[in-house]
Amino acid sequence: MDDTPAPFTEEDYAARMSRAARDAAETRLSGLLITPGPDLTWLCGYRPTPMTERLTLLVLTPGSEPRLLVPSLERPDAEVAPGADAVRISDWRDGQDPYAAATGLLLPNGRYGVTDTTWALHLLGLQEALPLTTYRPLTVVLPLLRAVKDDHEVARLASAAAAADAVYEEILSVRFTGRRESDVAADLAHLLRERGHRQVVSVVASGRNSADPHHRTGERTLKKGDMVILDFGGWKDGYASHLTRTVHVGEPTEEERVVHDLVRAAQQAAFEAVVPGATCREIDGRARRLIEDAGYGEYAAERTGHGIGVTAHEPPYLTAGEQTFLVPGMCLSMGPGVCLPGRFGVRIADVVTCTADGGRRLNATDRGMAIVA
């Protein structure tokens, strides 16, 4: 069965750019300056390949047509981007000053939001060309630019999540004992690619390594008695998947079962708190209070989750200090954890979307502790 999603249309990209320009005006910005990276791809469908050092700049200003400035030799690629018909394209040639070319698109004393991926070289060049302009990072002035997904975006996230679910179900039948973390991670990566992921991330943390929240897959050999965190995903059709499950090689101890059940309950509590109008702080608090009440508060993960979309980590963040209110269309990777240093750790994460009626899990695979051989 072909699950390739329908492509985004010119109208989709035009609506995103219009909304972004409107959001900029409401934040008292003169406009937005978008350079190559996830924001540029999301807004107009253009992804320079390979990533270029030459100035490429999408300029969005309230009440004006979107303008895309590109190097002349890359103009043919820009003109066939999915959202190209929704922007006016201009170019500059090698030997010309690209910042002089950009000045005609900007107000001489404008205040602009700039994508986080903008190179310092280009920002300094724009400041030198227009010394009265000022710039603020988008994650400060418009952190929720991509946070609310439309139905087509949620469908892509759901497709990626279903693929990750299938990978997890299959990995449970793989032999763990006597193999290295890197071997199991390679199996995960292979299965993700088989199910349509173009880029993959697979982390396997076993035994004491499972208590390290920043562990990178290594060469440790798995053995009976290990707790094993499988933290994996990637990008399918441009949207991210993220699934975390904790399995056990052979029968677990009573404490290992207790901690796993606790993390599972904390994740469920956080999920049940996903309703329009809830704050990220409240959702994090639901999970954290359960862990604290059980006596494991000092070992809890620093945050319960984060936004997910065209990037694997994006605003909003499920932390104690995040006051962002949830609205329908926000999508979150929700994964509390407990890490007992030098012993073991447990994490369970799913992708969840906020709907008008509450939360909907995009991952459907079982969250109980699976026993592997």
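Angles between elements under 35 degrees count as roughly parallel, over 145 as roughly antiparallel, 65 to 115 as roughly perpendicular and the rest as oblique. Keep that in mind as we walk through this predicted model, in which local features need pLDDT of at least 70 and side-chain atom pairs count only at pLDDT 80 or more, while totals for chains, interfaces and linings use all residues. Residues are numbered from 1 along each chain as its sequence is written, and side-chain values use heavy atoms, with hydrogens and water left out.

Let's start with two helices. Helices (H or I, at least four residues) and strands (E, at least two) are DSSP runs, numbered from the N terminus. Helix H9 (residues 254-272) and helix H10 (residues 280-293) have axes that come within 8 Å and cross at roughly 155 degrees. Such axes are lines fitted to C-alpha atoms, for helices over the stretch in contact, and angles run from 0 to 180 degrees between N-to-C directions. H9 and H10 are therefore roughly antiparallel to each other. On the H9 side, the contact (heavy atoms within 4.5 Å) is made by Leu262, Ala265, Ala266, Ala269 and Ala270; H10 contributes Ile283, Arg286, Ala287, Leu290 and Ile291. Of these contact residues, 9 are nonpolar, none is polar and 1 is charged. Here Ala, Val, Leu, Ile, Met, Phe, Trp, Tyr, Cys and Pro count as nonpolar, Asp, Glu, Lys and Arg as charged, and the others, Gly among them, as polar.

Strands of a sheet pair through backbone hydrogen bonds, either parallel or antiparallel. Two strands pair if DSSP finds at least two bridges between them. The open sheet here has 5 strands in the order S11-S10-S12-S15-S16, with antiparallel pairing. Strand S11 (314-318) and strand S16 (358-361) are its edge strands, each pairing on one side only. Strand S15 (residues 350-355) is joined to S16 by 4 bridges, and Val352 stands opposite Arg361 in S16.

Now for another sheet. Its 4 strands form an open arrangement in the order S7-S8-S9-S17, with mixed pairing. Strand S7 (199-206) and strand S17 (370-372) stand at the edges with a single partner strand each, so one side of each is left without a neighbour in the sheet. S7 pairs with strand S8 (residues 227-236) in the antiparallel sense over 8 bridges, and Ser206 has Val228 in S8 as its bridge partner. Helix H8 (residues 181-194) lies across S7 and S8, running at about 150 degrees to S7.
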